[in-house]
Amino acid sequence: MKKIVLLLSCMLFSGLIMANEMDIKQTMKAMKTAFVFSVRATDVSELNRSLTELEALVQHAQQLSFPKEKEALYLEGLNKVSVLVSQAKQQAEEGKIEQAQATLKDVDLLREEYHQQRNESIWKRLFPQWF
């Protein structure tokens, strides 16, 4: 009986972990889509709509649970993205589409930087004392 309870507990816990990972991935994919729509926007209303969605997704992502060893890194990157999206949104509300889209290029640079940090090389994992 104890084994069954333990087994069910493990299955439930692993399901929660996998659900959280899926939520992170789904949120990041939705952020990418909103970002692309923002960059490709041709008028202010379209840009505002996609930036509002992106801003909401960033706020949602900041509330998610991340692996403890990477949580500070993820939240730091999301905070920087949040600031830039707010700036772009302000610029869009002022009718400065080009400036807003230029600010979004900085968001893309942050994405590249933090995704590179997230994906450590296999050598760094095998030989951490050398890095």
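User: Hi! Quick one to start: what is the relative accessible area of Lys-96?

Analyst: Lys-96 comes out at 36%, so it counts as partly exposed. On that scale, buried is under 20% relative accessible area, exposed is over 50% and partly exposed is in between, using a 1.4 Å probe and protein chains only.

User: Good. What kind of model am I looking at, and which atoms go into the side-chain values?

Analyst: It is a predicted model, in which local features need pLDDT of at least 70 and side-chain atom pairs count only at pLDDT 80 or more, while totals for chains, interfaces and linings use all residues. Residues are numbered from 1 along each chain as its sequence is written, and side-chain values use heavy atoms, with hydrogens and water left out.

User: Back to Lys-96, then. Which residue does it form a salt bridge with?

Analyst: With Glu-94, at 3.1 Å from N to O. The cut-off is a side-chain nitrogen of Lys or Arg within 4 Å of a carboxyl oxygen of Asp or Glu. Glu-94 is partly exposed too, at 44% relative accessibility.

User: How many salt bridges are there in the whole structure?

Analyst: The search finds six. One of them joins the side chains of Lys-89 and Glu-55, 2.8 Å from N to O. That pair links distant parts of the chain, 34 residues apart, with Lys-89 in helix α3 (residues 71–93) and Glu-55 in helix α2 (residues 44–63).

User: Nice. Are Lys-89 and Glu-55 buried or exposed?

Analyst: Both Lys-89 and Glu-55 are buried.

User: And which residues are linked in a network of salt bridges?

Analyst: Asp-108, Arg-111 and Glu-112. Within it, the closest N and O atoms of Arg-111 and Glu-112 are 3.9 Å apart. Arg-111 is partly exposed at 39% relative accessibility, and Glu-112 is partly exposed at 43%.

User: Let's zoom out. How many helices and strands does the chain have?

Analyst: Five helices and zero strands, giving α-α-α-α-α along the sequence. These are DSSP runs numbered from the N terminus: H or I of at least four residues for helices, E of at least two for strands. Of the 131 residues, 29% count as buried.

User: How much of the contact set comes from residues 24 or more positions apart?

Analyst: They make up 64% of the contacts with a separation of 6 or more. A contact here means heavy atoms within 4.5 Å.

User: Now Leu-47. What does it touch?

Analyst: Leaving aside neighbours within four places in sequence, Leu-47 is in contact with Ser-38, Ala-41, Ala-92, Ile-97, Ala-100 and Leu-104. Leu-47 belongs to helix α2 and is buried, with a relative accessible area of 0%.

User: Where does Gln-101 sit?

Analyst: Gln-101 is in helix α4 (residues 97–118) and is buried at 17% relative accessible area. A polar atom of the Gln-101 side chain lies 3.3 Å from the backbone oxygen of Ser-38. Beyond neighbours within four places in sequence, Gln-101 is in contact with Ser-38, Val-39, Arg-40 and Ala-41.

User: What about Thr-103, buried or exposed?

Analyst: Buried, with a relative accessible area of 8%. Thr-103 is also found in helix α4, and its contacts outside four places in sequence are Leu-84, Gln-87, Ala-88 and Gln-91.

User: How many aromatic pairs are there?

Analyst: One in the whole structure. Phe-66 and Tyr-74 are edge-to-face, 5.1 Å centre to centre with 80 degrees between the planes. Rings of Phe, Tyr and Trp (its six-membered ring) pair if their centres lie within 6.5 Å; planes under 30 degrees apart are stacked, over 60 edge-to-face and the rest tilted. Phe-66 is buried, with a relative accessible area of 7%.

User: Last topic: what does the pLDDT average over the chain?

Analyst: The average is 81, and 73% of the residues score at least 70. Over residues 5–19 the pLDDT is below 50, and beyond near neighbours in sequence this stretch has zero contacts in the model. The score is the predictor's confidence in each residue, from 0 to 100. Where pLDDT is low, the predicted coordinates should not be read in detail.

Key: Polar contact = N/O pair within 3.5 Å; in protein donor to acceptor, adjacent residues only side chain to side chain.
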